[in-house]
Amino acid sequence: MSGKNTKESGCCPPGSLGAPGPAAYKTKGAVESGNGIQAYVTGAGKVALVFFPDIWGWNSGRTRLMADELATEGYTVIVPKAFKQTALSKGGTDGDGLWPEFTFETNGAEFGPWIAEASPFEHVAALVDGVVAFAKSKGAERLVSVGCCWGAWAATVASSRHADFVASVSFHPAIGLEEMVNQKPPVTLVASAQCPFFYLPAGNDKEEEYGAEGVFTKALVEKFGTESVKTMRFEDMVHGWTSRGDNSDPKVALAQKNALDEAKAYLKARLA
């Protein structure tokens with residue numbers, strides 16, 4: 001795993017984890033295509049869980065491990081190949097997202113041009129629409145979502161476009177990307193969401209956005225109420241810990257488990 005980010009990027013805050021190392025893990029699902037998308041699909045159920053990944057894409061770090069773990073709850077979990085690949089992507093990670101050697105310290109100046117090409121709003125909107133159609137083609141009757149980092153922004157876009165989503169969970173979210181990518185206030189996007197969210201920020205994610213009194217949390221509470229909207233700060237963790245944290249560290253591994261357990265319980269309650 002590359003070192004922590006020490007620069008403000010517009011996405012991952014200073015102190016965030018860098019690129020994840022390859023996960024030594026045997027996946028349980030398979031890659032499928034349909035409705036204009038390609039995705040890693042695992043599990044089976046009448047509820048589809050769309051897992052929007054972080055900026056290293058659909059097959060980096062613990063992303064597919066997390067997807068397989070969430071599938072044990074009875075979901076059809078869909079992890080879409082999320083980003084457009086351009087020359088700036090340098091091949092990405094398994095053809096998606098940033099390339100494995102990317103660091104904000106060395107390549108930080110490349111991030112803005114890359115995200116503008118790899119994740120323009122029109123692309124994300126089409127991706128979201130394709131994922132929803134794909135989920136329904138597999139028999140999904142209801143949808144929920146999970147997002148890590150960039151994926152939390154994509155999940156918010158998804159909820160703003162589709163009332164099919166019942167609830168969403170955001171691990172170390174980067175919803176501020178709305179301003180960088182779409183040149184619009186992020187709180188406006190959050191307020192347009194059609195389902196409640198559960199934010200699980202890290203210690204270096206912005207309290208003024210994701211805390212109990214944060215602007216994003218308050219916008220959702222105003223719409224859905226305090227019983228439906230939750231936030232839980234993992235103060236000792238840093239942005240990126242769930243999908244790209246080092247689980248050989250017992251403290252990180254425990255936080256990863258606790259975060260997934262909280263997500264599972266929240267989604268179960270919202271679907272009840």
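Reply: Phe-234 is buried, with a relative accessible area of 11%, and Trp-241 is buried too, at 1% relative accessibility. Here buried means under 20% relative accessible area, exposed means over 50%, and partly exposed lies in between, with a 1.4 Å probe and protein chains only. The model is predicted, and local features need pLDDT of at least 70, side-chain atom pairs count only at pLDDT 80 or more, and totals for chains, interfaces and linings use all residues. Residues are numbered from 1 along each chain as its sequence is written, and side-chain values use heavy atoms, with hydrogens and water left out.

The confidence figures come next. pLDDT is the predictor's confidence in each residue, from 0 to 100. The mean for the protein chain is 94, and 95% of its residues reach 70 or more. Over residues 1-8 pLDDT stays under 50, and the model has 38 contacts for that stretch beyond four places in sequence; a contact means heavy atoms within 4.5 Å.

For the rings, Phe, Tyr and Trp (its six-membered ring) pair if their centres lie within 6.5 Å; planes under 30 degrees apart count as stacked, over 60 as edge-to-face and the rest as tilted. By this rule there are 14 aromatic pairs. Phe-83 and Trp-150 form a tilted pair, with 4.4 Å centre to centre and 45° between the planes. Phe-83 lies in the loop between strand E4 (75-80) and helix H2 (104-118), and Trp-150 lies in helix H4 (residues 150-161), so the pair ties together parts that are 67 residues apart in sequence. Helices (H or I, at least four residues) and strands (E, at least two) are DSSP runs, numbered from the N terminus. Phe-83 and Trp-150 are both buried. Phe-234 and Trp-241 also form a tilted pair, at 4.8 Å centre to centre with 35° between the planes. One aromatic cluster takes in Phe-83 and Trp-150, and its other members include Trp-56, Trp-99, Phe-102 and Trp-153.

Two rings have a charge over them, meaning that NZ of Lys or CZ of Arg is within 6 Å of the ring centre and within 35 degrees of the ring normal. The charged end of Arg-64 sits over the ring of Trp-58, 4.8 Å from its centre. Lys-230 lies over the face of Phe-198, at 4.7 Å from the ring centre.

The sheet is treated next. Two strands pair if DSSP finds at least two bridges between them. The sheet is open and has 8 strands in the order E1-E2-E4-E3-E5-E6-E7-E8, with mixed pairing. Strand E1 (30-34) and strand E8 (230-231) stand at the edges, each with a single partner strand, so one side of each is left without a neighbour in the sheet.

E3 is mostly covered, with 6 of its 6 residues buried. On one side these are Val-47, Leu-49 and Phe-51, and on the other Ala-48, Val-50 and Phe-52. The chain crosses from E3 through H1 to E4, and this β-α-β crossover is right-handed: with the strands pointing away from the viewer, the path from the first strand over the helix to the second runs clockwise. Helix H1 (residues 63-71) has 7 of its 9 residues buried, so it is largely enclosed by the rest of the structure. Arg-64 is one of those buried residues, as are Met-66 and Leu-70.

E3 and E4 run parallel and are joined by 4 bridges; Ala-48 stands opposite Thr-76 in E4, and Leu-49 opposite Val-77. E3 also pairs with E5 in the parallel sense, over 6 bridges, with Leu-49 opposite Val-144 in E5.

Further along the sheet, strand E5 (residues 142-148) runs parallel to E6, and 5 bridges join the two. Cys-148 has Phe-171 in E6 as its bridge partner. E5, H4 and E6 make a right-handed β-α-β unit. Strand E6 (residues 165-171) is mostly covered, with 6 of its 7 residues buried. E6 in turn runs parallel to strand E7 (residues 197-200) over 4 bridges, and Ser-168 has Phe-197 in E7 as its bridge partner.

Gly-43 lies in the loop between strand E2 (37-42) and strand E3 (47-52) and is partly exposed at 43% relative accessibility. Leaving out residues up to four places away in sequence, Gly-43 touches Ala-71, Tyr-75 and Thr-76.
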